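Work through the exercises below with the coordinates open. Each task is followed by a solution in steps.

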Amino acid sequence: MPIISNSVQNNEHSSSSVTPRSRTYRSGGTSVRLQEGQTLKGVVSDVHGNEITLSMEDGSSFTGKLPDANQYSIGQKAAFKITSLADNTIYLKTMTGAYLLDMEDTIEQALEEANLPKTERNIDVVRSLLQNQQSISRENILSSIQLCAQFPDADVNAVITMQRLHLPLTGESVAQFEQYQNQSHQLLYKMDGLMDSVSQMLESIGTHVPRLAKNIGNELLSMALQGNASPEELALLESRQNSMGENSSTLPALYDAEGNPIPADSLAKGMVTAAFDAEGNPIPAETLRQYTEQAQLESKDTGNGTAADKMPTGEEQPADSAATNGPLSRMRQLFSNLTDGNSALKSAVARSGLAEDFRTPFIHEQTGFILPPAERESFSRFLADYPLPESLKEGIADGTTTTREFLTEIQKALSEMTEEQAGKLLSSKSFHALVKGQFMSSWTISPEQLKEPGALNETYNNMAKQLETLAKFNEQVMGKDIFPQVSENAQDMRDNMDFMRMLNQTFQYVQLPLKLQNQNAHGDLYVMTRKESLKKNSKHLKALLHLDMDALGTLDIHITRENTAVSTHFYVTKKATKDLLEQNIGLLAGAIQEQGFAFSSELSMKEKEMDIVNDFIGVDAPVGDLKRYNFDLRA
């Protein structure tokens with residue numbers, strides 16, 4: 001029995017201009033009441049040419065004309081959502097995905113029609129095609145099975161989803177995609193795993209083959225000391241120099257190849273490429289670089305800039321770097337605005353009881369941050385007979401020595417140690433912790449550093465260099481099959497970074513391994529606004545900052561900038577965190593308003609995790625051909 005309206009179209013955009021409503025459609029004594037937002041659910045009961053019949057759950061059915069109706073199978077469940085009721089036209093949006101979990105009969109029928117065996121993997125392939133709303137024609141099933149066969153150890157859904165999203169398919173990229181899907185991609189936690197494997201290697205060498213301890217220790221310390229000192233570390237050194245007086249210097253006497261003293265200003269200007277000590281021994285390149293940095297801080301000719309300003313810039317960054325240009329540059333400025341006034345917020349957090357102490361006297365790079373007092377005292381006594389300066393041992397005990405200072409002195413003293421001493425040192429848990437602290441300092445970035453152009457790029461470039469060296473370390477020094485976990489973990493991190501680089505060809509996303517005052521924390525920065533949209537309207541930006549912190553828990557900050565207006569929506573997992581933010585949101589509002597922005601904010605409890613595939617990468621991606629449907633509705 002026909003209903004008055006016989007035009008049903010798939011047009012989700014029409015609803016934006018129509019007030020939500022419900023309507024009753026009559027024909028004789030029969031009526032059907034439909035409402036916007038209602039979902040029509042049913043099972044495909046007949047497919048004939050370009051006509052399809054849908055039997056709904058209430059017993060009614062309708063038959064309609066549908067291009068490519070043969071892509072549906074009899075028995076397949078389907079759903080359509082009413083997006084608008086206007087005049088005599090009903091606008092529908094396909095909602096096939098709502099029934100995928102109950103479509104085992106459809107999967108089996110699709111394999112039967114394709115004359116393919118119902119193996120577990122073939123079933124998974126068809127299920128994944130349906131989940132991705134792709135065609136389940138015989139040709140597409142066959143091509144998908146062949147594609148998945150190229151990655152026999154991978155989840156077929158990851159392969160098919162990447163194919164739909166047009167992401168490059170390699171063994172490494174598929175493995176990383178699965179990690180991102182499963183929320184196991186965090187670089188910060190992979191750093192812990194890598195350094196644990198390095199500690200196991202050091203302990204094994206020190207215990208079982210101490211004759212190799214000096215060589216292995218020297219190679220590893222050279223890697224750990226790569227890269228520039230952090231701004232916090234340089235500021236600490238500058239503070240020490242100021243407290244000692246302008247004319248004091250802690251630099252040793254250095255000489256050129258002819259035995260002539262090297263002036264400190266030549267060192268500070270970076271003019272010295274080789275140097276020798278008073279006994280004529282060559283100064284290692286890494287140690288000379290450290291002396292150069294120290295001389296730059298002590299020199300009166302370095303100007304009025306801060307220690308951070310005088311840092312060597314390192315390798316030049318690409319002009320189109322995502323960290324220094326484009327939407328991430330805008331995000332960096334926005335992050336700078338968001339973090340202004342953070343000292344007051346830290347004090348509020350301390351008063352709230354969510355954190356034990358925000359007033360640690362040590363920076364991340366000092367032994368006092370890494371080792372507790374009792375362990376520092378014990379380790380200082382352990383080093384009593386080692387050929388190290390007494391001031392260094394005292395600095396270990398009181399926590400003021402930095403890991404860079406300690407490891408530099410250790411590297412210089414290795415040649416003077418006995419094999420037994422070197423072996424015991426490499427087996428020491430405290431030594432492992434300090435080596436890890438040095439690497440972690442190079443691989444993390446503070447919120448203050450994030451405000452500086454190029455700082456994030458510099459952190460990632462340094463990490464990439466160290467990981468490349470570590471990945472080859474076993475094969476070059478130890479042998480391919482000895483301690484493979486070090487190389488494998490380092491390579492996994494490199495693959496993770498390569499995957500991020502691949503994503504950033506289309507999307508704007510970066511992990512933020514953050515160095516907070518009392519902890520390291522994982523962060524993700526998603527710029528939701530696509531590059532094409534930013535080209536059209538550079539003052540419109542949507543982003544999500546995700547943070548995992550010990551005290552505050554998980555925190556998602558949705559940020560929107562529209563011209564000179566900034567709005568934020570905080571999603572938290574702890575009620576105490578929500579209360580804290582509500583009490584102190586004025587600090588953030590004031591900081592942003594001072595930058596000339598209008599500001600608004602909301603706070604909510606978090607109900608679901610960020611899905612990097614569906615909520616970010618695939619949010620605008622096609623899921624197949626969306627057709628315009630013209631149906632003849634029948635009761």
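## Exercise 1: Packing of H2 and H3

Task: list the residues through which H2 meets H3, then describe the packing.

Solution. 
Step 1. From H2, Arg121, Asn122, Val125, Val126 and Leu129 meet Asn140, Ile141, Ser144, Ile145 and Cys148 of H3; contact means heavy atoms within 4.5 Å. Helices (H or I, at least four residues) and strands (E, at least two) are DSSP runs, numbered from the N terminus.

Step 2. Sorted by class, this contact of H2 with H3 has six nonpolar, three polar and one charged residues. Ala, Val, Leu, Ile, Met, Phe, Trp, Tyr, Cys and Pro count as nonpolar, Asp, Glu, Lys and Arg as charged, and the others, Gly among them, as polar.

Step 3. Two packed helices are described by the angle between their axes and the distance between the axes. For H2 (residues 120-131) and H3 (residues 138-149), the angle is about 115 degrees and the axes are 10 Å apart. Axes are lines fitted to C-alpha atoms, for helices over the stretch in contact, and angles run from 0 to 180 degrees between N-to-C directions.

Step 4. H2 and H3 cross in a right-handed sense. A crossing is right-handed if the near helix is turned clockwise from the far one by less than a right angle, and left-handed if anticlockwise.

Step 5. The model is predicted: local features need pLDDT of at least 70 and side-chain atom pairs count only at pLDDT 80 or more, while totals for chains, interfaces and linings use all residues. Residues are numbered from 1 along each chain as its sequence is written, and side-chain values use heavy atoms, with hydrogens and water left out.

## Exercise 2: Packing of H6 and H18

Task: at what angle do H6 and H18 cross, and how far apart are their axes?

Solution. 
Step 1. The axes of H6 (residues 187-208) and H18 (residues 429-443) come within 10 Å and cross at roughly 145 degrees. The crossing is right-handed.

Step 2. Residues in the contact include Leu188, Met191, Leu194 and Met195 of H6, and Phe431, Val435, Phe439 and Trp443 of H18.

Step 3. By class, the contact of H6 with H18 has ten nonpolar, two polar and five charged residues.

## Exercise 3: His546 and Asn563

Task: describe the surroundings of His546 and the backbone of Asn563.

Solution. 
Step 1. His546 belongs to strand E11 (residues 540-549) and, at 6% relative accessibility, counts as buried.

Step 2. Among the residues that His546 touches, not counting those up to four places away in sequence, are His522, Asp524, Tyr526, Lys606 and Glu609. His546 and Gln511 are 35 residues apart in sequence and 9.3 Å apart in space, C-alpha to C-alpha.

Step 3. Asn563 lies in the loop between E12 (553-562) and E13 (565-572). Asn563 is not a glycine, yet has a positive phi of about 60 degrees. Its relative accessibility of 38% makes Asn563 partly exposed.

## Exercise 4: Confidence

Task: what is the mean pLDDT of the chain, and where does pLDDT stay under 50?

Solution. 
Step 1. The mean is 76, and 71% of the residues reach 70 or more; pLDDT is the predictor's confidence in each residue, from 0 to 100.

Step 2. Stretches under 50 include residues 338-343, with nine contacts beyond four places in sequence, and residues 355-359, with ten such contacts.

Step 3. Where pLDDT is low, the predicted coordinates should not be read in detail.

Definitions and conventions: Buried < 20%, exposed > 50% of the residue type's maximum accessible area, 1.4 Å probe, protein only.
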